[in-house]
Every structure is written in structure tokens, then in C-alpha cells.
2 protein chains.
Amino acid sequence: MTGPAQSGSRRKPQERALRRKEALVEAAVTLLGEGGFTAVTHRAVAERAGIPLAATSYYFTSRDELVARAFAVLVERDLRLMRASLTEEAGIGSLVELAQTLLHAYASDRGRQLGLWELYLQAGREPELQDIARSWTDGWHDIVRTLLERAGYACGASEVRFLATLVSGLWLELLVEDRPGSLDRAGEMVARALRAISA
Amino acid sequence: MTGPAQSGSRRKPQERALRRKEALVEAAVTLLGEGGFTAVTHRAVAERAGIPLAATSYYFTSRDELVARAFAVLVERDLRLMRASLTEEAGIGSLVELAQTLLHAYASDRGRQLGLWELYLQAGREPELQDIARSWTDGWHDIVRTLLERAGYACGASEVRFLATLVSGLWLELLVEDRPGSLDRAGEMVARALRAISA
DNA sequence: ACAAAAACGGTACGCTCGTCCCACTTTAGT
DNA sequence: ACTAAAGTGGGACGAGCGTACCGTTTTTGT
């Protein structure tokens with residue numbers, strides 16, 4: 001029942017337990033990408049992680065907590081991945097190309113991205129997810145900021161928001177309806193936004 | 001079981017049946033707004049519509065079909081509402097004010113909007129919903145186009161996409177995380193986008 | 001060594017879900 | 001008037017769900 005693992009701990013948690021808990025979150029993340037929010041069930045997660053069913057209730061007091069944890073991990077990982085591909089390719093080509101690289105990287109991981117947006121949207125209904133959703137937005141804005149700074153653009157908070165929001169919209173539309181030529185048009189729009197900022 | 005109501009109909013459907021089917025869709029729309037995608041169950045819909053459970057299976061071959069129908073209705077209604085508030089207020093103030101009016105109207109119907117986006121996102125996984133999702137985007141673009149034309153802006157397909165996508169992103173962010181001052185910042189960004197277009 | 005706490009895992013409860021079955025009533029074409 | 005189709009609705013089935021129970025094993029502080 002109520003797992004004493006994460007509540008009032010009078011002893012330090014064991015190492016294997018931490019690994020198992022991590023494995024559960026990992027399985028939840030995978031399942032979220034494969035089948036969306038509804039696919040993340042206790043049984044599916046347990047089976048995917050190779051761990052008995054009861055363990056999921058032991059490590060997480062509820063399914064919501066497990067989902068929230070998966071959301072947080074997914075956001076963190078997403079931001080890290082974005083930062084990584086950003087530092088790698090900096091200075092190679094134009095910002096537009098970089099944006100396309102980012103968008104392309106996302107398209108290769110469609111299921112995971114859909115799951116992430118799904119959880120983001122869920123945050124609109126469940127206050128417990130709000131903070132994570134905001135941290136995603138904030139992190140993304142930070143990335144856009146450093147990107148603009150590095151390229152020598154003027155970037156107050158307003159400019160950053162402008163570009164970040166546009167790319168988010170672009171990216172979501174690209175993800176849901178993948179129409180032919182969307183990528184090119186996306187690049188075109190980013191270019192237009194950059195012109196608007198530099199002016 | 002398999003309802004012969006919508007398949008090979010050798011007789012014309014009865015009027016009461018049509019009303020009931022409509023009532024079911026209406027209930028589904030409401031429930032979607034209240035509790036999101038997962039709240040639209042056969043039982044909940046039937047109860048809300050004041051109709052026995054079995055009827056939901058009679059009129060719709062599956063839950064997915066019911067949800068898809070609700071999605072279509074929601075999109076159509078949403079576009080109509082937007083067009084309406086658009087013709088009403090045209091010429092009153094600036095485009096920025098108009099955008100704020102639109103965004104404000106949406107905020108007043110938060111649950112419904114969240115449900116709509118939820119279904120839009122779901123379209124990324126279920127091909128049956130793709131067409132509806134695209135018709136939403138297309139309809140929205142049309143609205144932005146007439147809006148721009150009326151205000152005397154140059155509006156090729158590129159300009160329309162630019163503004164429409166930006167506002168979509170704005171709008172979603174406003175909906176999920178409602179941070180203080182978001183509305184003002186949204187107006188600011190729309191103004192910037194319009195400057196970018198007119199230039 | 002020994003208790004206490006943590007970890008473990010098989011199992012079961014209670015519930016809700018989508019869907020189906022089937023007997024019944026109403027409607028409409030002839 | 002008759003008959004076949006359409007409509008109706010109570011009930012049930014099987015599956016999957018979140019979660020709790022509880023005896024067992026392992027770890028840990030003393």
C-alpha cells in the first residue's frame with residue numbers, strides 16, 4: 001500500500017530501489033511516447049520495466065505522481081537535448097538552418113514529442129503539472145535567448161518571447177499535421193521573424 | 001450492437017432519432033470541455049444526454065466515432081464563433097485590440113478550448129482525426145486572411161501563415177499556463193508581427 | 001546477533017470501461 | 001392491414017484499470 005519509500009524516511013533508501021524507481025520512470029516515458037497519456041498504466045509500466053506490479057504502487061503513491069515524474073524527466077531531457085544540438089551546430093550556418101535542424105530532430109522523435117505536448121496540455125487541467133509546464137516554457141525561452149545572443153541579435157524579453165512562441169506554434173503544427181513542405185515554410189517563417197527582430 | 005442507423009439505410013431515419021444523436025454529440029462536446037478526452041465515456045455521455053446507455057452504441061459504431069464527431073462539431077462551432085466576433089468588431093479598433101478580444105473570448109471558455117487542443121493533439125496519433133485537425137488550421141488561416149485584407153495589410157500565404165501560427169502559439173500558452181500579464185504581452189507580440197508584415 | 005525498517009511481490013478487491021445480446025415497441029413502405 | 005426495418009433499452013460480459021492487503025525477504029543501525 002502506501003509506500004514508505006518516499007515519505008518519512010528514517011533510513012536512507014537502498015541503491016537497488018533507486019534504480020528500480022528510475023527504471024519505472026523510464027518505462028513510463030517510453031510508453032508515453034508510444035501510446036500517449038492513456039498508455040501509461042501501472043501494469044504496462046511494470047511489465048515494460050520488468051518489475052512486479054505492486055512495485056509501482058510502492059514507489060509512487062499514485063499514478064498521477066508517476067505521470068508527473070515522467071513529465072518532469074521528459075522536459076528536462078528535452079531541454080538538454082536541445083541545448084546539446086545547439087552548442088554543436090552553433091556558427092555553422094544561419095539561424096534558419098539551425099531552427100530547421102531542431103525541428104527535424106524533433107520530427108524524428110514524433111511519439112515522444114506528442115506525449116510531451118499531451119502532458120503540457122494536461123497541465124492546463126491539473127495544477128500539479130503547472131510548474132513543470134512553465135519550466136519547459138522558461139527553459140525553451142532561455143535557449144532561444146542564448147541562441148539570439150550568440151548570433152548577435154538584439155534580444156530583450158520581448159524579442160525572445162516573440163521568436164520562442166512562433167517556433168512553438170510552428171513545431172506543434174508540424175508535429176500534428178505533417179503536411180508536405182511544412183519544414184521549408186517553417187524555415188521561411190523563422191527567417192521572417194528574425195528580420196522583424198533585427199529591424 | 002452494430003447500429004443500422006448510419007449504414008445501408010433503405011429507409012429514411014426518423015426525426016426523433018436524429019435529435020437523439022445530436023443530443024449525444026452535444027453531451028460529448030460538453031463533457032470534453034469539462035473533463036477532457038478521457039471524460040467522454042459512453043456512460044457519461046448517455047447519462048448527460050438523458051438517453052439509455054445502449055443508444056450510444058446504436059448511433060455510433062464506436063467511441064472513436066463519437067469523439068471524432070464531437071471534434072468536428074467543436075471545430076466548426078469554434079470557427080463560426082470566431083468569424084462572428086470578427087465581423088462584429090471589425091473596424092472598431094486596431095488589429096491588436098481585435099486579437100486581444102479573440103484571446104479573451106477564448107479564455108472565458110477555457111475547458112472547451114483545452115478539449116479542442118487535446119483532440120487536435122490526438123489527431124497526431126489517430127489518422128481519422130487528421131482531416132478535422134487540418135480543417136481547423138485551414139479555417140483559422142482563412143479568418144486571419146480576411147482579417148488582414150480588411151485592415152489593408154499585404155497578405156500572401158506566407159504572411160497569413162506567419163500571423164496565424166504566432167497567434168496559435170500565443171493562444172495555447174495563454175490557455176495552459178495562465179500567467180499574469182500574458183494578455184498584454186500577447187497583444188504586444190501581435191503588434192510586432194503586424195509590423196513585420198507591413199514592412 | 002538482533003530487532004526494526006525497508007523492499008518485495010503474489011494476489012485480490014472493487015470499479016469502470018466499451019461493447020454486445022436480445023426482446024420489445026414504433027414507424028413506414030406496400 | 002401487414003411486415004420488415006428502424007428504433008429502443010435493460011442487462012450482462014469480459015477486460016483492464018488503480019490500488020490495497022499482507023506475508024516474506026533483505027538490508028541496516030546498534
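Helix axes are lines fitted to C-alpha atoms over the stretch in contact, and angles run from 0 to 180 degrees between N-to-C directions. Helices are DSSP runs (H or I, at least four residues), numbered from the N terminus. The model is predicted, so local features need pLDDT of at least 70 and side-chain atom pairs pLDDT 80 or more, while totals for chains, interfaces and linings use all residues. Residues are numbered from 1 along each chain as its sequence is written, chains are lettered from A and ligands numbered from 1 in the order in which they are written, and side-chain values use heavy atoms, without hydrogens and water.

In chain A, α6(A) packs against helix α8 (residues 157–176) at about 120°. The two axes lie 10 Å apart. This angle makes α6(A) oblique to α8(A). Angles under 35 degrees count as roughly parallel, over 145 as roughly antiparallel, 65 to 115 as roughly perpendicular and the rest as oblique. The crossing of α6(A) past α8(A) is left-handed. A left-handed crossing has the near helix turned anticlockwise from the far one by less than a right angle; clockwise gives a right-handed one. Contact means heavy atoms within 4.5 Å. From α6(A), R110(A), Q113(A), L114(A) and W117(A) take part. They meet S168(A), W171(A), L172(A), L175(A) and V176(A) of α8(A). By class, six residues of this contact are nonpolar, two polar and one charged. Ala, Val, Leu, Ile, Met, Phe, Trp, Tyr, Cys and Pro count as nonpolar, Asp, Glu, Lys and Arg as charged, and the others, Gly among them, as polar.

Helix α1 (residues 15–35) and helix α2 (residues 42–49) of chain A also pack together. Their axes come within 8 Å and cross at roughly 115°. The helices α1(A) and α2(A) are therefore roughly perpendicular to each other. Here the crossing is right-handed. On α1(A), the contact uses A23(A), L24(A), A27(A), A28(A), T30(A), L31(A) and E34(A). On α2(A), it uses A44(A), V45(A), A46(A), R48(A) and A49(A). Nine of these residues are nonpolar, one is polar and two are charged.

Chain B holds a corresponding pair. The axes of α1 (residues 15–35) and α2 (residues 42–49) of chain B come within 8 Å, crossing at roughly 115°. The crossing of α1(B) past α2(B) is right-handed. Residues of this contact include A23(B) and L31(B) of α1(B) and V45(B) and R48(B) of α2(B). The contact divides into nine nonpolar, one polar and two charged residues.

Between the chains, 44 residues of chain B touch 44 residues of chain A. The buried area is about 3,900 Å², with 57% from carbon and sulfur atoms. Buried area is the accessible area (1.4 Å probe) that two parts lose on being put together, summed over both. In chain B, L121(B), R125(B) and R192(B) lose the most area to chain A, together 19% of what that side buries.

Over all chains, the structure holds 18 salt bridges (a side-chain nitrogen of Lys or Arg within 4 Å of a carboxyl oxygen of Asp or Glu). Six salt bridges link chain B and chain A. R125(B) forms a salt bridge with E118(A), with the closest N and O atoms 3.4 Å apart. E118(A) sits in helix α6 (residues 110–122) of chain A. R125(B) sits in the loop between α6 (110–122) and α7 (127–150) of chain B.

Notes. Helices (H or I, at least four residues) and strands (E, at least two) are DSSP runs, numbered from the N terminus.
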